[in-house]
Amino acid sequence: MSNEGIDLETDDCGGDIFTELKKATLLELIWEDQSVIERKQTGVGAKNKKEQAWMMIELKFCAVSGVRKQNIKQFKTLWLNRKKRAKKDVVACRHLQYQA
């Protein structure tokens with residue numbers, strides 16, 4: 001089953017699942033394990049380490065007071081969407097620089 005067209009950053013009513021506090025908390029936790037999560041290796045061992053890193057992020061995230069439980073799939077989607085937006089912004093900025 002494909003997740004294309006599904007926005008896991010919003011709930012069924014169109015509201016944000018991740019508040020700014022949750023996003024900041026999650027990004028801080030991801031930053032701690034970024035070297036593992038962003039590793040280009042695709043072997044079984046590397047994949048297991050990535051999954052373990054995401055599970056630890058989930059545990060730490062849920063341990064923060066005032067934060068409702070979220071799942072790893074939502075974390076990954078938020079992270080990938082953030083990276084895509086950042087890359088898109090960089091490309092747009094470079095495009096403007098070359099036009100000038």
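Tutor: Two aromatic rings of Phe, Tyr or Trp count as a pair if their centres lie within 6.5 Å, and planes over 60 degrees apart make the pair edge-to-face. Please keep in mind throughout that this is a predicted model.

Student: With that rule in hand, how many aromatic pairs does the structure hold?

Tutor: The structure holds 1 aromatic pair. Phe61 and Phe75 form it, with 5.0 Å from centre to centre and 70° between the planes, and this geometry is edge-to-face. The pair links distant parts of the chain, since Phe61 belongs to helix α3 (residues 44-63) and Phe75 to helix α4 (residues 72-99), 14 residues apart.

Student: Is Phe61 buried or exposed, and is Phe75 buried or exposed?

Tutor: A residue counts as buried under 20% relative accessible area. Phe61 has a relative accessible area of 0% and is therefore buried, and Phe75, at 0% relative accessibility, counts as buried too.

Student: Which residues of the largest nonpolar core touch the most other members?

Tutor: The general idea is that in soluble globular proteins nonpolar side chains tend to be buried together. Here the largest nonpolar core has 14 residues, of which Leu26, Ile30, Ile37, Trp54, Ile57 and Phe75 touch the most other members. Helices α1 (20-32), α2 (34-37), α3 and α4 each supply at least two residues of this core. Leaving aside residues up to four places away in sequence, Trp54 touches Ile30, Ile37, Ile72, Phe75, Lys76 and Trp79.

Student: Turning to α1, which of its residues are buried, and where around the axis do they lie?

Tutor: In α1 the buried residues are Lys22, Lys23, Thr25, Leu26, Leu29 and Ile30. They cover an arc of only 165° around the axis, so they lie on the same side of α1. The face turned away from that buried side carries the exposed residues Glu20, Leu21, Glu28 and Trp31, while what covers the buried residues of α1 includes α2, α3 and α4.

Student: What span should α1 have, and how far apart are its end C-alpha atoms?

Tutor: At 1.5 Å a residue, the 13 residues of α1 should span 18 Å, and the end C-alpha atoms are 19 Å apart, which agrees.

Student: Finally, how many disulfides are there?

Tutor: A disulfide is a covalent bond between the sulfur atoms of two cysteines. If we require a pair of cysteine sulfur atoms within 2.5 Å, the count comes to 0 disulfides. As for accessibility, Cys62 counts as partly exposed at 29%, and Cys93 counts as partly exposed at 43%.

How values were computed: Residues numbered from 1 in each chain as written. Predicted model: local features only at pLDDT ≥ 70, side-chain atom pairs only at ≥ 80, totals over all residues. Heavy atoms only, no water. Phe/Tyr/Trp six-rings, centres within 6.5 Å; stacked < 30°, edge-to-face > 60°. Helix = DSSP H or I, 4+ residues; strand = E, 2+ residues; numbered from the N terminus. Buried < 20%, exposed > 50% of the residue type's maximum accessible area, 1.4 Å probe, protein only. Core = buried A, V, L, I, M, F, W, Y, C linked by side-chain atoms within 4.5 Å. Contact = heavy atoms within 4.5 Å. Expected span 1.5 Å × (residues − 1). Arc of directions from axis to C-beta.
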